[in-house]
Amino acid sequence: MTQRILLVDGMALLFRHFYATSLHNQFMYNSEGIPTNGIQGFVRHIFTAIKEINPSHVAVCWDMGQDTFRNEMYDMYKQNRVAPPVELIPQFDYVKEISEQFGFVNVGVTNYEADDVIGTLAKAYSADNEVHIITGDKDILQCINDNVEVWLIKKGFTIYNRYTLSRFIEEYELNPLQLIDIKAFMGDSADGYPGVKGIGEKTALKLIQTYGSVDNVLENLDQLTPAQQKKINNDKENLILSKRLAEIYTEVPIDTDKLYNEMTYAHSLNHILSICNEHELYISGKYISSNL
């Protein structure tokens with residue numbers, strides 16, 4: 001029987017609302033002096049998605065530290081990121097505690113990113129189920145297939161930028177896995193890997209639409225402009241490395257059958273509101289009571 005599975009990038013939801021509200025110093029301290037602004041946004045985002053998707057199973061996926069197997073490939077990977085603000089630090093563990101009380105399964109695997117966990121679960125579960133992914137990271141679009149949708153969070157809590165396979169193909173004129181090849185040329189300044197200097201999204205997209213893959217571009221360098229040939233030849237090693245870094249790993253060691261049974265989700269409004277009140281998430285509770 002086909003089920004509807006919701007996979008959530010927990011950090012994406014937490015970070016999005018933290019920075020949206022911290023900009024105006026709205027940290028929403030509780031009576032113990034713990035900031036809850038990021039958590040409030042996490043709660044509202046996830047229950048908006050639950051209302052729209054009505055999932056039978058839910059997992060919230062988390063990063064487990066800054067260093068992963070990608071740092072063994074490239075030691076500068078994500079090393080350019082600044083330390084989190086002091087108001088955000090106590091919310092990392094607190095949000096997981098609250099997530100568990102809501103009945104969500106928290107999933108994180110040391111040495112892998114949340115994206116890798118999401119990609120692994122999406123691949124495993126989409127064979128027989130509908131999978132919906134909530135994130136703010138467009139990199140996860142490479143995981144789309146016939147049974148996987150990606151919902152990118154936008155400003156506010158009620159609107160998502162929804163990508164199905166048909167929409168992705170129409171918009172990019174590629175299949176989702178070719179997004180890896182696009183990122184190989186572009187690099188990613190946020191993640192700290194280089195790509196090919198001087199080649200941006202527009203050129204990368206045209207190259208992959210024309211030749212299909214990084215390997216095919218390299219095999220047909222003589223057909224490119226002299227300027228493109230020079231850029232790629234100068235950065236060929238970075239190009240190959242960046243493709244490896246851009247690819248979401250979908251074989252994270254997870255017992256997906258066991259996890260699937262643990263992910264079964266059912267909720268009641270009274271239970272949700274009691275948890276919000278217990279943790280003084282009054283803004284979230286008010287939002288949920290008027291929207292669920």
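**Exercise 1.** In this predicted model, work out how helix α1 (residues 10-22) and helix α2 (residues 37-53) are placed relative to each other.

*Solution.* Begin with the two values that describe a packed pair, since two packed helices are described by the angle between their axes and the distance between the axes. The axes of α1 and α2 come within 7 Å, and they cross at roughly 125°. Next, classify the angle: angles over 145 degrees count as roughly antiparallel and those from 65 to 115 as roughly perpendicular, so α1 and α2 are oblique to each other. Finally, identify the residues that make the contact: from α1 they are G10, L13, L14, R16, H17, F18, T21 and S22, while α2 supplies N37, G38, I39, Q40, G41, F42, R44, H45 and I46. Sorted by class, this contact of α1 with α2 comprises six nonpolar, nine polar and two charged residues.

**Exercise 2.** Decide whether Q91 is buried or exposed, and find which residues Q91 touches, not counting those up to four places away in sequence.

*Solution.* First locate the residue: Q91 belongs to helix α4, which spans residues 89-101. The relative accessibility of Q91 is 0%, and because buried means under 20%, Q91 counts as buried. Now list the neighbours, leaving out residues up to four places away in sequence: Q91 touches L14, F18, P35, T36, N37, G38 and I39.

Terms used:
Residues numbered from 1 in each chain as written. Predicted model: local features only at pLDDT ≥ 70, side-chain atom pairs only at ≥ 80, totals over all residues. Heavy atoms only, no water. Axes fitted to C-alpha atoms, helices over the stretch in contact; angles between N-to-C directions. Helix = DSSP H or I, 4+ residues; strand = E, 2+ residues; numbered from the N terminus. Parallel < 35°, antiparallel > 145°, perpendicular 65-115°, else oblique. Contact = heavy atoms within 4.5 Å. Nonpolar A, V, L, I, M, F, W, Y, C, P; charged D, E, K, R; others polar. Buried < 20%, exposed > 50% of the residue type's maximum accessible area, 1.4 Å probe, protein only.
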